[in-house]
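Trainee: I have a model open and would like to learn how to read its features. Where do we start?

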Amino acid sequence: MGTAKRDIETVEDTSERRHAVGLALGDAPTLEEEKAVISRLDWRLMPMIFAIYSLSVLDRSNLGNAHVAGLDKSIGLVGNQYSTLGTFFYVTYIVFQGAAAGWKHFPAHKWVTFIVIAFATISASQAATQNYAGMVVLRLLLGATEAMYAGVPVYLSFFYPRNKVGFRQGIFLSGSALANAYGGALGYAITQIKSHIEPWRILFLIEGLPTLILAVIAWFYFPDDIETAKFLTDREKQVVMHMVSRDQTADVVNHTGLRVRDFWAAFKDWRSYLTGIMYFGCNVSFASLPLFVPAIIAEIGSFSRIQANGLSAPPYLLTFILIIIFGFVSDRVRLRGPFVCFFSIVAAIGFLLLATTEGAAPRYIGVYLAITIFISVAILIPWVSNTHNTESKRAGGFAIFATFGQAGPLVGTNIFPSSEAPYYRKGSWISFSFCILVAVTSAVFSFLLHRENRKLDKAQVSEGEGGDRPSTFRYVI
């Protein structure tokens, strides 16, 4: 009983904060009002968030297409230097994952504008590199700036209720799958350009410079919080406050600013680390794919390296569609763990095909299945949001989740060395193992959260009507 009461205490807010929230909320909204406001939020927030993330992923993953287009020979890469370029990106990407707290601490429109200008400029500058050292510096800088944007799921949780945020976070993350899809097709098209400028340099310019336009738009487009959202009426703001305060604690007044106590509470919560372990396993398997899928397809033997860029697009396009579908379904049924477990098993089957077969058809099918590990990532992100009750604790939880998870690419980007061509057995077996780790961990985590919910239910019943009413917060399984 003591453990359950301590859990309740972590999800209760002070009486002063509850009083302030009550004053801000106004009358309870109708279902029609909620649907109308959700629609307004979707049309305002999601297109820009999706577009920026899609372009940021394109900027980081176009190294694989540049590799096929002649980057190595042009700047004199030898040995495993190409593989280490991917690793260097993730070194700073990991170190700066704590910057997710910036979405809570700084005005969002300023935060986003700074980030987009930075990573767009750095990405385009890769076109001017002349040697390995120059590319290493730019990849380090690119990793740092893109890590700052990766905290978008925290920002979305400020505007959407717990049972709606998963689908929107899935839409955000699907930008990665779509970027890898059209990045492959775009890479194929760019390699056909006849110019005195090398194709890989044109690729970095075409995929980097247009992003600067979005930086200007972002300054005027992103609301900092509910109170300053000019596109909402006063009543619509009250409706949003009602929704985000349901079954959790939301800073609907005096929003900007990190609550340090809540932020650090995430570091004392064991749940923060289990989700991080799952994300690590997913990223070991997935992070290498944008860099090496074109090479894997090319090495199948039936396709040229130019055709491989184009053929890497369809698997990502399918994954993009599945992320949207299952992000929506996961919200509707209020379940996360079963979806994470299922798609990690599907991905494991894909890597098993890559590890054990040699024919073109089964290996290409294996690529399709392996890439579905990204669907598990898309469901994991809202699972983190649903696991922490306050906005600042979610920021801390996401920082832990992302830091653990983004350590995965340090392994993933180095398990497909060119010496393993054409079948890359070792990398496929390692990825298979980590997919199984994700499946097992998600099942265990679901069981533990179910047990925690039963304790909270019993504690709430025993509390009765005396004193403050315990929170209705429950973990999403």
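Mentor: Start with a helix contact: Pro 314, Pro 315 and Leu 318 of helix 18 meet Tyr 364, Val 367 and Tyr 368 of helix 20, where contact means heavy atoms within 4.5 Å. Helices (H or I, at least four residues) and strands (E, at least two) are DSSP runs, numbered from the N terminus. By class, this contact has six nonpolar, no polar and no charged residues. Ala, Val, Leu, Ile, Met, Phe, Trp, Tyr, Cys and Pro count as nonpolar, Asp, Glu, Lys and Arg as charged, and the others, Gly among them, as polar.

Mentor: This is a predicted model, in which local features need pLDDT of at least 70 and side-chain atom pairs count only at pLDDT 80 or more, while totals for chains, interfaces and linings use all residues. Residues are numbered from 1 along each chain as its sequence is written, and side-chain values use heavy atoms, with hydrogens and water left out.

Trainee: At what angle do helix 18 and helix 20 pack?

Mentor: Two packed helices are described by the angle between their axes and the distance between the axes. For helix 18 (residues 313–333) and helix 20 (residues 360–370), the angle is about 35° and the axes are 9 Å apart. Axes are lines fitted to C-alpha atoms, for helices over the stretch in contact, and angles run from 0 to 180 degrees between N-to-C directions.

Trainee: How many cavities of 30 Å³ or more does the structure hold?

Mentor: Rolling a probe the size of a water molecule over the atoms shows where empty space is left. Here there are four such cavities. A cavity is a set of points, on a 1 Å grid over the protein atoms alone, where a 1.4 Å probe fits but cannot get out; lining residues have an atom within 4 Å of a point. The largest cavity holds about 310 Å³ of space, a volume being the space filled by probe spheres set on the points, which are joined across faces, edges and corners. Its lining has 29 residues, with Tyr 53, Arg 60, Tyr 90, Tyr 93 and Gln 406 nearest the centre. By class, 20 lining residues are nonpolar, seven polar and two charged.

Trainee: Is Leu 77 buried or exposed?

Mentor: Leu 77 is buried, at 12% relative accessible area; buried means under 20%, exposed over 50%, partly exposed in between (1.4 Å probe, protein chains only). Leu 77 sits in the loop between helix 4 (71–75) and helix 5, and touches residues including Tyr 82, Leu 85 and Tyr 132.

Methods. 1 Å grid on protein atoms, 1.4 Å probe; cavity = no way out; pocket = protein on both sides within 12 Å on 5 of 7 lines; lining within 4 Å. Lists of a residue's contacts leave out its neighbours within four places in sequence.
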